[in-house]
Amino acid sequence: MKQGRILKDALILFTITVISGLILGGVHELTKDTINNSSISAHLEAYKTVFPDAVDFKADDKLTDALKKSNEELPSQNYGNVGLDQALQAVDKSGTVLGYVITSHSNDSYDGLVQILVGINADKTMKGIEILELNDTPGLGQRAEEPEFKGQFAGKSGESLTVTKSGSAGAEEINAISGATITSRAVTNAVNAALYLMYHNALQ
Amino acid sequence: MKNQNMERIWNGIWKENPTFVMMLGMCPTLAVTTSLINGFAMGISTALVLIFSNILISLLRKVISDNIRIPAYIVIVATLVSTVQMLLQAYIPSLYTALGIYIPLIVVNCIILGRAESFASKNGIIVSAFDGLGMGIGFTIALTLIGLVREILGAGSVLGTVVIPKEYHITAFVLAPGAFFALAVLTALQNKFKAPSATNGDTNSCGAGCGSCGEKIGG
């Protein structure tokens, strides 16, 4: 009697789990392509905000190889736990390469990962940055998304940037967000990773 | 019948408000109420899941025996949340980016299990749906309120519009300790005015099913 009940319960639970699994699988199949497409178009929009004058963003074999090489070399640099995710050429209508958009990340932010998009002109000056992913404290680290902080990067040149707390940043310095030095450093180091790719492996 | 449904909504908002009276679902309450809009978004997403989970569990209440109810509820709620997450990501990506990090948190919200356990598993489908709606609205109001207090004190703004100059911000309020302060003060006010609450000794306020649900499924 008791054993029969256990079997029946187990069977019911099994059925619920199987049906749930099937539903999840079905929904995943249904939404997979749409999710992929929308994330591609979202990325394209971010590229456009960093590089408004470019009409297309193309992958390049040499650039991809340079990215791989940089990723191997980056741990030995003093940038912490950073990495490069993607590098694309920004081209205008006539096909001239205007610069590069590089997706890089740092795992050293206050809440772990910060992923950014860095636009670099062909002459190695910075075009600007865009924050792709940051789950930091609102009012503190999250202020990295405000123009006051991320706007500082546009126009900077130099092989690597450092964060300063003095409030008056020099040529190769970035003013820290007050109360969020860790986030400021993580973002700046992710930018440095992109610069490393440009200076050491891509544009020789 | 209609009155009973309205009673469920009023019950969720006031008499058994999940946050202020039953003290359930404290983890998302403390974690995401850093600003008004965050609290509101978390409240609304929880309300939606709560309505559907209550309907489903009420529908299956005769099939699921007592022995397997907890794993069965968790599987149902988790499936529901994952489905909502994927559908949002595919068809309303802007909403998904705004709510993204909160959606998985809903699975572990003990209000959902609490209502499944103490209400939906014992009542009909329609009244369970209204119970979910009422609890959801109550939760949304509570989270929005805490979010408002923390945003004003911590970041000096309301809905992102600055109302207090930077020099007077109390940054601690957007951090974890601020969540405890805000909740503690709001609860203290409640006790002061002798409003029904799980903390002011008026344990009968939440009826028979609820006192036990707090013991079985802690926050």
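**Two chains and their contact surface**

Q: What makes A:Ile23, A:Leu24 and A:Val27 count as residues in contact with B:Thr83?
A: Leaving aside neighbours within four places in sequence, B:Thr83 is in contact with A:Ile23, A:Leu24 and A:Val27, where contact means heavy atoms within 4.5 Å. This is a predicted model, in which local features need pLDDT of at least 70, side-chain atom pairs count only at pLDDT 80 or more, and totals for chains, interfaces and linings use all residues. Residues are numbered from 1 along each chain as its sequence is written, chains are lettered from A in the order in which they are written, and side-chain values use heavy atoms, with hydrogens and water left out.

Q: Why is B:Thr83 called buried?
A: B:Thr83 has a relative accessible area of 14%, and buried means under 20% (exposed is over 50%, partly exposed in between, with a 1.4 Å probe and protein chains only), so B:Thr83 is classed as buried. The residue is found in helix α4 of chain B, residues 69-91, a helix being a DSSP run of H or I with at least four residues, and a strand a run of E with at least two, numbered from the N terminus.

Q: What is the buried area between chain A and chain B?
A: Chain A and chain B bury about 1,900 Å² between them, with 74% of it on carbon and sulfur atoms; this is the accessible area (1.4 Å probe) that two parts lose on being put together, summed over both. In this interface, 21 residues of chain A are in contact with 25 residues of chain B.

Q: How many salt bridges does the rule find across the interface of chain A and chain B?
A: The rule asks for a side-chain nitrogen of Lys or Arg within 4 Å of a carboxyl oxygen of Asp or Glu, and across this interface it finds zero salt bridges.

Q: Which residues have the most contacts inside the largest nonpolar core?
A: They are A:Ile102, A:Phe153, A:Val187 and A:Val191, in a core of 35 residues; a nonpolar core is a set of buried Ala, Val, Leu, Ile, Met, Phe, Trp, Tyr and Cys residues joined through side-chain atoms within 4.5 Å. The largest share of this core, 10 residues, comes from α4(A). A second, separate core of 20 residues includes B:Val32, B:Val81, B:Ile106 and B:Cys110.

Q: What share of chain B is made up of buried residues?
A: Buried residues make up 50% of the 219 residues in chain B, a chain with 10 helices and two strands.
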